[in-house]
Structures are given as C-alpha cells and as structure tokens.
Amino acid sequence: RRLAIKDREPTEVEKEVVSIIDDHIKTTKKSVKSELSRMAVVQAKVMSIKEEDKVMQKVLLVYVSFNSLRVTQANILPLISAIEKKKGIPTFFTGKRTILSRWIKVHKSQKRPRNRTLTAVHDAILEDLLHPANITGRRMRVRGGKTLYRIFVSEESK
C-alpha cells in the first residue's frame, strides 16, 4: 500500500524502509497518522559518497511520489530519526520528478513546463535534500571544465 512501484519487484531496502515508516506511523498521533497514510514511497537507494576514489560515507535516499511530498516534508524530522535509528545511516527524502527532453514533442506548438526542465528538477531535488533548511544563496564557478556549486544555507537552520 505504501510502495508505489510499477513494473518491478521492490528491493530489500525499499521493503525495510516502508516497514520502518509503517512502524513509525503506528506510534504517532491520530492527526499525523491520517496525513502520513497518504505517503507513498517510489524508490529507496543506499548510495555511497566518494571523495578522491575513497568511499567516505553511505546515505539512504528515499524517493516519495510528488503528490505526497508536502505531507512527507511536514513530518520529515520524526521520519528521518526513526529510519536513522533502525538503519544507522543518514537519510534524505526527495520527490520523484520527471525531466522532459527539449526535443521530444507530440506537436510542434507544445511547450515544456518550466518545472520539468533539467535545471529546475535539479534545483528542486537540492531543495528537497536540504528541506528543513532554506537556501539563501547560490554561486556557480566554472574552472577548467569543472563546475563548482556553492550553496548558502540560512543561519537559523544550520
């Protein structure tokens, strides 16, 4: 019920994350329980952060359906703490978004929505990953073919 996966079997990580979320929902208040019952997990991955070809840390990235993203973000801190307590790795939630190609159109007068562009989707994912915090500034520097993004986060949410 909580997994919104089509065309494939859920992985062990996805099953485990959904069971942790279900256990957390059972122990919450009725008002929060009704909100979180609409939450749908689309995908869950364990990713490793690398620095100079060394694995520095593993993180859990949970994709929720875009329709249930606001409900998830409203209750994100208890969900993250529940998952991190059981799994022992840092956890992030983001919405499952769609990037549309510039060139594929059904009709030539068709316009691509701004929120489906590559840049808009990447910016939205970054905001999802930093959710309780607010992004106050962005700087981009291109040096020798490599792009470095510097993101400034609000002081009160650090």
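Student: Why is Glu 14 called buried?

Tutor: This is a predicted model, so every value here is computed from its coordinates. Glu 14 has a relative accessible area of 1%. Buried means under 20%, so Glu 14 counts as buried.

Student: Where does Glu 14 sit, and what does it touch?

Tutor: Glu 14 belongs to helix H1, residues 12–26. Leaving aside neighbours within four places in sequence, Glu 14 is in contact with Leu 3, Ile 5, Arg 8, Val 42, Gln 43 and Ala 44. Take Ala 44: 30 residues separate it from Glu 14 in sequence, yet the C-alpha atoms are 5.2 Å apart in space.

Student: Why is Ser 101 called partly exposed?

Tutor: Its relative accessibility is 34%. Buried would need a value under 20% and exposed a value over 50%, so Ser 101, at 34%, falls in between and counts as partly exposed. You can find Ser 101 in the loop between S3 and H5.

Student: What makes Gly 137 buried?

Tutor: The same test applies. Gly 137 has a relative accessible area of 13%, and the limit for buried is under 20%, so Gly 137 is buried. This residue lies in strand S4.

Student: Which residues does Gly 137 touch?

Tutor: Not counting residues up to four places away in sequence, Gly 137 touches Arg 150, Ile 151 and Phe 152. Ile 151 is 14 residues away along the chain, and its C-alpha atom is 5.9 Å from that of Gly 137. Ile 151 is also the bridge partner, in S5, of Arg 138.

Student: How do you know that S4 and S5 are paired?

Tutor: Two strands pair if at least two bridges are found between them. S4 and S5 have eight, in the antiparallel sense, so they meet the condition.

Student: How many residues lie between S4 and S5 in their hairpin?

Tutor: Two residues lie between them, and Gly 144 in the turn has a positive phi of about 60 degrees.

Student: What makes S2 and S3 a pair?

Tutor: Count the bridges again. Five join strand S2, residues 54–64, to S3, and the two strands run parallel. At least two are required, so S2 and S3 are a pair. Leu 61, for example, has Phe 92 in S3 as its bridge partner.

Student: Why is strand S3 described as mostly covered?

Tutor: S3 spans residues 91–95, and four of its five residues are buried. Each of those four has a relative accessible area under 20%, because that is what buried means.

Student: How much of the whole protein is buried?

Tutor: Buried residues make up 30% of the 158 residues. The protein exposes about 11,600 Å², with carbon and sulfur atoms supplying 52% of it.

Student: Which residues line the largest pocket, and what makes some of them charged?

Tutor: The lining is Phe 66, Asn 67, Lys 96, Arg 97, Thr 98, Asn 115, Arg 116, Ala 120, Val 121 and Ala 124. Lys and Arg are among the types that count as charged, so Lys 96, Arg 97 and Arg 116 go in that group. The lining divides into four nonpolar, three polar and three charged residues. The volume of this pocket is about 210 Å³.

Student: And what lines the second largest pocket?

Tutor: Its lining is made of Leu 118, Thr 119, His 122, Asp 123, Leu 126, Arg 138, Arg 139, Met 140, Tyr 149 and Ile 151. Helix H5 (118–129), strand S4 (135–143) and strand S5 (146–153) are the elements that each give two or more residues, and H5 gives the most, with five. The second largest pocket has a volume of about 180 Å³, and its lining divides into five nonpolar, two polar and three charged residues.

Key
Residues are numbered from 1 along each chain as its sequence is written. This is a predicted model: local features need pLDDT of at least 70, side-chain atom pairs count only at pLDDT 80 or more; totals for chains, interfaces and linings use all residues. Side-chain values use heavy atoms; hydrogens and water are left out. On a 1 Å grid over the protein atoms alone, a cavity is a set of points where a 1.4 Å probe fits but cannot get out, and a pocket is an open set with protein on both sides within 12 Å along at least five of seven lines; lining residues have an atom within 4 Å of a point. Grid points are joined across faces, edges and corners, and a volume is the space filled by probe spheres set on the points. Buried means under 20% relative accessible area, exposed over 50%, partly exposed in between (1.4 Å probe, protein chains only). Accessible areas come from the Shrake-Rupley method with a 1.4 Å probe; for residues, only the protein chains shown count as cover. Contact means heavy atoms within 4.5 Å.
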